[in-house]
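This report describes a protein assembly from its coordinates. The sequence and structure are shown first.

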Amino acid sequence: MAGLELLSDQGYRIDGRRAGELRKIQARMGVFAQADGSAYIEQGNTKALAVVYGPHEIRGSRSRALPDRALVNCQYSSATFSTGERKRRPHGDRKSCEMGLQLRQTFEAAILTQLHPRSQIDIYVQVLQADGGTYAACVNAATLAVMDAGIPMRDFVCACSAGFVDGTALADLSHVEEAAGGPQLALALLPASGQIALLEMDARLHEDHLEQVLEAAAQAARDVHTLLDRVVRQHVREASILLGD
Amino acid sequence: MLQKREKVLLLRTFQGRTLRIVREHYLRPSVPCHSPLCPQPAACRNDGKLLSAEVTHYVIPDWKVVQDYLEILEFPELQGVIFMQTACQAVQHQRGWRQYNKLRNLLRDARHDCVLFANEFQQHCYVPREKGESMEKWQTRSIYNAAVWYYHHCLDRMPIVMVTEDEEAVQQYGSETEGVFVISFKNYLDNFWPDLKAAHELCDSILQSRRERESENQESHGKEYPEHLPLEVLEAGIKSGRYIQGQQHRSSLLGIRPVQGSDFKSRLVSDILIHGMKARNRSIHGDVVVVELLPKNEWKGRTAALCENESEDKALGDAPSEPMPTGRVVGILQKNWRDYVVTFPSKEEIQCQGRNAQKVLATPWDYRIPKIRISTQQAEALQDFRVVVRIDSWESTSVYPNGHFVRVLGRIGDLEGEIATILVENSISVIPFSEAQMCKMPVNTPENPWKVSPQEEQVRKDLRSTHLVFSIDPKGCEDVDDALSVRTLNNGNLELGVHIADVTHFVAPNSYIDIEARTRATTYYLADRRYDMLPSILSADLCSLLGGVDRYAVSVMWELHKSSYEIQKVWYGRTIIRSAYKLCYEAAQELLEGNFSVVDDIPEFKDMDLESRQAKLEELVWALGKLTDIARHVRAKRDCCGALELEGVEVRIQLDEKKNIHDLIPKQPLEVHETVAECMILANHWVAKKIWESFPHQALLRQHPPPHQEFFSELRECAKAKGFFIDTRYSSSFFSPCRVSLYLGCPEIDYRHFCASVTMAGLVFLQAAQHSQKQSTELFQCTYFKDKGPEMEERCIADGVIYSIRTNGVLVFIPRFGIKGAAYLKNKDGLVISCGPDSRSEWKPGSLHRFQNKITSTTTGGESTTLQLFDHVTVRISVQALRCHSDTIRLEIISNKPYVTPNMERPQQSSIVLKSELVKEVTRSVEEAQLAQEVRAKALQEECEEYCQTKGRSLYTLLEEIRDLALLDVSDSCGA
């Protein structure tokens with residue numbers, strides 16, 4: 001679909017958003033009763049499910065246990081029906097390994113792992129529908145799930161992607177915008193402190209523009225935080241109502 | 001707050017699977033409406049361009065109108081135009097970026113009163129596409145919906161006109177909402193802008209071009225050309241006789257020459273006409289194509305009118321000649337694309353070609369090649385240069401082939417550049433020889449002179465002391481490849497010898513040099529230079545039979561009877577010779593005529609004392625005389641069996657020291673020419689015989705097909721004009737047994753030795769050489785006539801003979817310069833030529849009438865001028881400079897009387913010359929038509945049945961002609 005006009009002269013993107021606008025975000029916590037924590041998020045048409053177990057004893061080889069902090073184990077998978085073309089995506093392929101690693105880095109930075117030495121926290125994320133920004137959706141879903149599990153964290157981890165088209169930074173890229181092949185940056189932010197948990201970009205972008213794109217992504221991440229905060233509070237309210245009965 | 005909707009698209013992937021794509025679509029409560037009447041400017045956030053407040057109505061074009069009539073909407077008079085986003089997207093998706101960018105520029109232009117309304121992102125304007133609704137219907141519906149919303153948004157204060165091309169929409173929505181009118185675009189222009197003439201005209205022309213396009217599309221489903229058929233179908237079709245295979249040999253008035261062997265051949269004697277780019281279906285001159293014949297009622301005749309050049313498809317002339325087989329190309333078996341020389345359009349032309357300057361239509365130098373579309377950023381930088389390009393592809397959807405830029409040859413008009421152009425156009429390689437090739441070459445320097453090796457001395461017959469060997473060549477010739485000898489034997493018989501330089505001794509089969517020479521195929525002689533086939537150490541030194549040095553040669557020697565000159569014995573073999581004299585034709589002729597004043601010009605005689613000089617001279621003159629005698633005799637024998645003598649006018653270009661053209665001199669035919677040629681013919685003939693006897697399987701014999709009767713028609717008509725009748729059946733029976741023999745790859749007696757040594761390979765290559773020769777001569781001719789000063793003025797007026805008549809002019813041959821060209825009797829303004837009583841011609845309004853053998857121009861005043869075939873006229877030669885092509889010579893008739901030179905002796909003489917010239921000319925046009933261009937027929941007693949040299953003009957003479965720059969206008973007579 002080369003040649004699509006990603007940003008019109010009037011400032012509209014293909015799906016009708018303006019440059020800094022996020023897609024519609026809907027989220028729910030505690031979707032599974034069996035798991036310690038779980039959450040489901042929809043960012044536009046990207047849908048992700050996160051499940052958290054732990055902290056618990058190290059499973060498998062004990063030698064992996066860390067003496068001073070908990071081991072964060074992240075697994076990412078993507079459903080066969082998540083994209084337009086049905087495709088089997090076995091565990092352990094390059095893309096999901098990479099994504100698992102990125103999630104692990106992100107959450108090691110956010111979870112207070114030193115509180116649970118010699119134990120393990122498992123985070124499983126599955127993408128049900130991929131329409132751009134899968135990493136962001138996974139992080140946001142996992143954040144909610146970790147919170148649902150009651151694992152102490154420094155702060156929310158809110159992630160969002162940003163791109164750069166015709167001198168303008170676009171927040172929260174959809175699949176069409178990603179596929180157009182421009183630079184794309186993924187940012188995971190701890191909104192309260194403004195610390196960056198993970199920043200990833202593998203395209204070329206002029207240094208002068210980085211600031212602008214980074215700012216757009218950070219702003220988008222803060223917007224995500226507002227929404228997630230609302231979701232958490234709503235969830236807590238519902239839970240307390242249930243408990244209060 | 002945004003509202004989220006989803007759009008479902010079904011796309012087809014490249015693999016042919018259907019892909020379901022779900023895209024989000026966000027709607028917002030307000031988008032900028034850009035209207036000054038907006039009731040909630042805060043919500044709409046109208047920044048930037050606003051519509052004018054003074055308009056009486058807003059006009060909203062439908063998507064189809066935006067696509068097709070954008071040029072009209074660009075008129076600044078049209079104000080208050082609202083482009084709906086839906087329409088803009090339709091343009092972007094269906095008309096491409098070019099059109100869309102135009103639209104964007106229009107919207108950005110502050111002077112133009114138009115805005116874009118993003119209706120699809122407005123929550124009240126957006127209408128999802130319903131199931132089963134076509135894209136077009138949905139677009140119209142959403143535009144109408146947006147128009148209605150807009151009307152209400154402006155609080156019903158401003159009437160809105162939606163213009164559409166969809167009749168159904170006009171009916172459906174026309175009266176649905178008050179204040180929103182739906183009318184057709186034509187109707188809108190008529191009612192609202194009746195005074196805007198330009199817009200109406202533009203609208204009409206757009207409508208017409210669209211109608212044409214549609215009618216074409218119906219034929220070819222949106223493609224410019226029909227697809228080629230698959231190979232199996234073509235092959236089956238050729239076998240079954242449904243299709244004909246042939247080679248495209250002229251792309252404009254295109255003819256397809258049926259290839260021999262197809263069984264259609266017997267029925268189809270003429271070429272097949274392929275008329276127009278469409279029927280030509282992407283085949284280019286030289287391609288081997290498969291043709292389907294059209295039904296007889298669609299056959300067309302060749303146009304008999306002269307046209308400016310052949311690049312455009314001319315409408316067939318008002319009086320086309322009788323219809324000939326017409327066909328269309330259904331497939332290409334073999335593409336013979338090569339590198340083409342093109343010229344990029346000048347700046348102004350680029351601008352005409354549109355804003356998208358990255359694709360440029362370049363005009364090839366060769367008229368027969370269509371324009372080539374080149375993607376380049378450098379078009380402007382390259383516009384003064386001749387450039388080599390290569391064709392990459394020609395899709396059925398594209399009018400012109402796509403190509404890419406390869407290299408620059410030189411500036412337009414620059415001599416070097418133009419010569420390089422000629423070389424590239426004829427696919428001639430002129431790279432210097434490489435080191436690897438040269439290191440195998442023998443050395444011959446003053447310090448280290450080349451010597452005859454003792455081994456060779458053993459093997460070869462030594463003629464150095466026994467024979468008087470001499471060579472006769474044109475003046476200034478460096479590569480002397482043949483020499484002659486004649487002597488009296490002890491028994492009183494004569495011994496005639498023909499010696500050809502032994503190239504094979506130096507060039508081993510399959511060595512680097514051999515391979516290189518095979519690709520070069522021949523030495524190219526252009527008017528002022530030459531490009532060697534072999535390194536100059538060979539061609540100009542060791543394989544050149546120069547005077548006074550030892551050289552290896554291959555010889556044929558005949559023992560002839562002392563008085564009857566009957567051949568008694570033949571001997572073939574390798575020899576060592578030392579040529580005693582290197583004569584030029586003129587000197588030889590002088591000696592022959594007993595005029596010894598030229599002796600001082602012969603270097604070999606310079607250092608001799610008077611006595612020995614006299615003795616040597618006598619010896620030489622005797623040999624020359626004897627040789628001439630023998631040649632006459634052999635020739636007479638040949639003639640009595642029926643020989644064909646064909647000659648063209650040959651012009652030599654005289655250059656002064658600074659390589660400026662001094663003069664064009666017609667070559668004087670000398671008897672010595674014939675003598676030398678005769679000896680070579682004899683040698684060729686006997687060697688051919690020998691080869692055929694020794695290697696019946698390896699001798700390459702070529703037989704010419706019997707000539708097409710059609711080609712004789714012109715000759716017959718010409719003859720009839722003067723009251724002769726020529727039985728071409730007889731001539732064809734005369735021509736048909738003629739055969740050409742070419743011999744290649746025989747280990748013992750190599751073809752290379754005998755076909756004038758330094759040339760090998762077949763006629764094809766020689767034709768290429770000739771083409772380049774011809775073009776280069778034309779180049780020089782043009783240069784000659786171009787920089788004429790006042791004294792040249794006179795030279796540009798010459799006597800010409802009419803040799804063919806066309807509907808709007810005549811073809812004229814000028815014997816003085818050997819030029820053929822077209823002279824128009826009707827100019828571009830429709831004026832015809834008229835000659836008054838003083839025979840001066842003027843342009844006057846009138847009409848032309850063409851008859852069989854004459855053409856009459858009648859002016860409105862009643863005067864009439866008739867030009868007959870073979871009439872003499874006076875013409876002025878001028879040069880027409882063309883940017884993209886080589887300059888061409890133009891002829892203009894200035895008088896219908898022969899040109900009288902101040903020198904009174906001339907006319908007498910020239911009229912005699914002219915007559916013979918004319919006969920030759922006519923004969924040649926017939927003979928050219930027979931594929932084997934200029935050929936010299938020779939029939940020798942009963943051998944002629946087996947392998948006479950006949951029309952396979954001896955390659956020697958062919959080379960001679962190349963050397964002398966034969967001016968053969970092959971294409972003209974083929975197209976006639």
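The model is a predicted one.

**Chain A**

The secondary structure of chain A consists of four helices and nine strands. Read from the N terminus, these elements follow the order β-β-β-β-α-β-α-β-β-α-β-β-α. Chain A has 245 residues, of which 49% count as buried. Among the contacts in chain A that link residues at least 6 apart in sequence, 68% join residues at least 24 apart.

Val224(A) belongs to helix 4 of chain A, which spans residues 207–244. Its relative accessibility is 0%, so Val224(A) counts as buried, the cut-off being under 20%. Neighbours within four places in sequence left aside, Val224(A) makes contact with Leu22(A), Ile25(A), Asn140(A), Cys158(A) and Ala159(A). Between Val224(A) and Ala136(A) the C-alpha to C-alpha distance is 9.9 Å, while the two residues are 88 apart in sequence.

**The interface of chain A and chain B**

Chain A contributes 22 residues to the contact and chain B contributes 26 residues. The area buried between the two chains is about 2100 Å², and carbon and sulfur atoms give 48% of this area. Five salt bridges are found across the interface of chain A and chain B. One of the salt bridges pairs Arg28(B) with Glu21(A), with 2.7 Å between the closest N and O atoms. The side of chain A that touches chain B divides into five nonpolar, six polar and 11 charged residues. Seven residue pairs, both members at pLDDT 80 or more, are in polar contact across the interface of chain A and chain B.

**Selected sites in chain B**

Ser52(B) lies in the loop of chain B between helix 1 (41–44) and strand 3 (58–61). With a relative accessibility of 17%, Ser52(B) falls under the 20% cut-off and therefore counts as buried. A polar atom of the Ser52(B) side chain is 3.1 Å from the backbone nitrogen of Glu54(B). Apart from residues up to four places away in sequence, Ser52(B) touches Pro36(B) and Asp113(B).

Helix 17 of chain B covers residues 585–592, and its buried residues include Tyr585(B), Ala587(B), Ala588(B), Gln589(B) and Leu591(B). Just after helix 17, Gly594(B) adopts a positive phi of about 80°.

**Cysteines and accessibility**

The count of disulfides over all chains is zero. Cys88(B) itself counts as buried, at 4% relative accessibility. Cys97(A), by contrast, has 43% relative accessibility and counts as partly exposed.

The accessibility values given for individual residues are collected here.

| Residue | Relative accessibility | Class |
|---|---|---|
| Val224(A) | 0% | buried |
| Cys88(B) | 4% | buried |
| Ser52(B) | 17% | buried |
| Cys97(A) | 43% | partly exposed |

Definitions and conventions:
Residues are numbered from 1 along each chain as its sequence is written. Chains are lettered from A and ligands numbered from 1 in the order in which they are written. This is a predicted model: local features need pLDDT of at least 70, side-chain atom pairs count only at pLDDT 80 or more; totals for chains, interfaces and linings use all residues. Side-chain values use heavy atoms; hydrogens and water are left out. Contact means heavy atoms within 4.5 Å. Buried area is the accessible area (1.4 Å probe) that two parts lose on being put together, summed over both. A salt bridge is a side-chain nitrogen of Lys or Arg within 4 Å of a carboxyl oxygen of Asp or Glu. A polar contact is a pair of N or O atoms within 3.5 Å; within protein, one must be able to donate a hydrogen and the other to accept it, and residues adjacent in sequence count only if both atoms are side-chain atoms. Ala, Val, Leu, Ile, Met, Phe, Trp, Tyr, Cys and Pro count as nonpolar, Asp, Glu, Lys and Arg as charged, and the others, Gly among them, as polar. Buried means under 20% relative accessible area, exposed over 50%, partly exposed in between (1.4 Å probe, protein chains only). Helices (H or I, at least four residues) and strands (E, at least two) are DSSP runs, numbered from the N terminus. A disulfide is a pair of cysteine sulfur atoms within 2.5 Å.
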